[in-house]
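User: I would like a close look at a single part of this model, with the cut-offs stated as you go.

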Amino acid sequence: MIETALHIAFAAVSLALLCNCWRLMRGPALGDRIVALDTMVINVIAIIILIGMFGETNAYFEAALLMAMVGFVSTIAYCKFVLRGDIVE
């Protein structure tokens, strides 16, 4: 039963990732593209966690945590760059 739920979750997250790619390529504004990129990071974290659940190992959960930290910092840095033109003040 869990394997079936994991396969359905993989399909749902993969579909969401494809929708994010579409928004990233066709977004009408720069803000839409930034939000799509941040949402893609969240979906990649979900895929990493699902792989960890499917493989029954804890190493993927640590990788997901690192990806979350890097994704948050990169989104903030990109937003500061767009708003101010410089990351470091």
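Which residues make up the largest nonpolar core?

Analyst: This is a predicted model, in which local features need pLDDT of at least 70 and side-chain atom pairs count only at pLDDT 80 or more, while totals for chains, interfaces and linings use all residues. Residues are numbered from 1 along each chain as its sequence is written, and side-chain values use heavy atoms, with hydrogens and water left out.

The largest nonpolar core consists of 6 residues, namely L6, V13, L17, M40, I47 and L50; such a core is a set of buried Ala, Val, Leu, Ile, Met, Phe, Trp, Tyr and Cys residues joined through side-chain atoms within 4.5 Å, where buried means under 20% relative accessible area, exposed over 50% and partly exposed in between, with a 1.4 Å probe and protein chains only. Two or more residues of this core come from each of α1 (2–26) and α2 (30–55), helices being DSSP runs of H or I with at least four residues, numbered from the N terminus. In soluble globular proteins, nonpolar side chains tend to be buried together.

N20 lies in helix α1 and is buried, with a relative accessible area of 11%. The C-alpha atoms of N20 and R33 are separated by 8.9 Å, although these residues are 13 apart along the chain.
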